[in-house]
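Please read it alongside the sequence and the structure shown here.

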Amino acid sequence: MSSLQSLRGMVDLLPEVTGLWQHVEATARLHFQRAAVQEIRTPLLEVTELFARGIGEATDVVGKEMYTFLDRGERSCTLRPEGTASVVRAAIQHGLLSQGPQRLWYGGPMFRYERPQAGRQRQFHQIGLELLGFADPRSDVEAIAIAWDLLADLGVGGLALEINTLGSPDDRLRYRGELVAWLEAHREQLDPDSQARIHANPLRVLDSKVPATQALLAGAPTLADALSGESHERFARVRLGLEALGIPFELNPRLVRGLDYYSHTAFEITSSQLGAQATVCGGGRYDGLVQQLGGSPTPAIGWALGLERLVLLLSQAEQQPVAPPALDLYVASRGEAGEAAALPLARRCRAAGLAVELDASGAAFGKQLRRADRSGARFAAVIGDMEAGEGVALLKDLRGDAAEQRLGVDGLIAVVGARRAGEGPAA
RNA sequence: GCGGGCGUCGCCAAGUGGUUAAGGCAGCGGCUUGUGGCGCCGCCAUUCGGGGGUUCGAAUCCCCUCGCUCGCCCCA
């Protein structure tokens, strides 16, 4: 076997699934457009420092999952592992924020060097929303609502929204100090993974899946207790906002999120039908990030939605939202004059809006009609030298029992057009 | 990075030490040299992910390796 394969964790999306992907993307575009959110496209490759500074040196994503290399100019470059840092960088670089708040969305491939498993690839795709310059709790609610409505419109069932608050950056810093002190005091009783995280990422210890650690943690200081009055108030408003919209949610005090830049509201939308990688959409507030990346202090909230996981859910659904593409006409031809007339005919039909496949194989009519039948086309047009000479084509109804007709191009377009693919009985 | 499962034709799949590697789908050719769907006939893996080894003999046993997959971790 010397044939070449795609890189591990890099997946080809074959024609049988791209229709579903397009449906998801089109639905997302529609929802963003309705919510007055504009698209932004940023490079897949950025200076490594952007992610190191933005996401946090201590996170797993930056620490061990990035595709990083030196380019020919000896600069350290990284394939983007997520979208937010790039969007914020672009907004700062082009002075977007001095023009007022920005409502932006992005989509495309992200790269993380991880062990692939269900719902996790090394190149994967996200669609994300970033509301930059919005501080009000109502913007948190709006951001969540946009994601929730998009998923509902796509027909994804069985989803659960979990929310938490991480408090202000000050709250978080203060709590972090308390927590580290407490963890140090109980170091001996922690599992090895948690011990290693005491300083690197103490908040994640709270989410440990080791039962003994969880039991011990019952006595640890809680983030909720460390929250300032304003932070409490703020979180209450977010919850009330969700309730007012009738969006169901659960409080999850252990929901911490992996990236450093989050503060206040953090949320995840998960599905029980996804296996180990259950998060379909995750996000939160990141009021400190813009400043951290060199901009002026700007509050912001955003989320990212994993398309592979979403498509996985959609393809598990009993009812497929996307019908296979339908062909209106299959053009078969034979003989020098017939073959010469076939492409012009196909082209005119296409210009008239029909979906047309042209058989240029030169095979016998029998073969071509067999392929016409298998193509799923509604009609077949046959052009031999006789038809070409008369300026007509023989139109066959492949899905009904209507008699063959000899028609000129305009007549053919009229008849086929009246029976657009998949609709209605034979003429 | 760490565990578990798996790897026979484009897809599905039988075969689990003995001489020629079932079958189905798809594909190709023919019956039907200008007419599809159905049917019938034929073709389609000197080879079982790759490499070593054991054996008179291996797709079947052993080792290594690659890949896929599920989970841990992490996250979308």
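Predicted model: local features only at pLDDT ≥ 70, side-chain atom pairs only at ≥ 80, totals over all residues.

Of the atoms of RNA strand B that come within 4 Å of the protein, 57% belong to sugar and phosphate.

*Composition of the surface*

- The residues of the surface near RNA strand B comprise 22 charged, 14 nonpolar and 11 polar ones.
- At least two residues of this surface are supplied by each of β6 (123-132), β10 (279-285), β11 (300-306), α15 (365-375), α16 (385-390) and β15 (393-397), and α15 provides the largest share, with eight residues.

*Polar contacts with RNA strand B*

- A phosphate oxygen of RNA strand B lies 2.7 Å from a polar side-chain atom of R204.

*An open three-stranded sheet*

- Three strands form an open sheet in the order β2-β4-β3, and their pairing is antiparallel.
- Because β2 (45-47) and β3 (67-70) each have a single partner strand, they stand at the edges, and one side of each is left without a neighbour in the sheet.
- From one strand to the next, the twist averages 35°.
- β3 and strand β4 (residues 76-79) run antiparallel and are joined by four bridges, with T68 standing opposite T78 in β4.
- Helix α2 (residues 48-55) packs on the sheet, where it touches β2, β3 and β4, and its direction makes about 75° with that of β2.

Notes. Residues numbered from 1 in each chain as written. Chains lettered and ligands numbered in written order. Heavy atoms only, no water. Pairing = 2+ DSSP bridges. Axes fitted to C-alpha atoms, helices over the stretch in contact; angles between N-to-C directions. Contact = heavy atoms within 4.5 Å. Near = heavy atom within 4 Å. Polar contact = N/O pair within 3.5 Å; in protein donor to acceptor, adjacent residues only side chain to side chain. Nonpolar A, V, L, I, M, F, W, Y, C, P; charged D, E, K, R; others polar.
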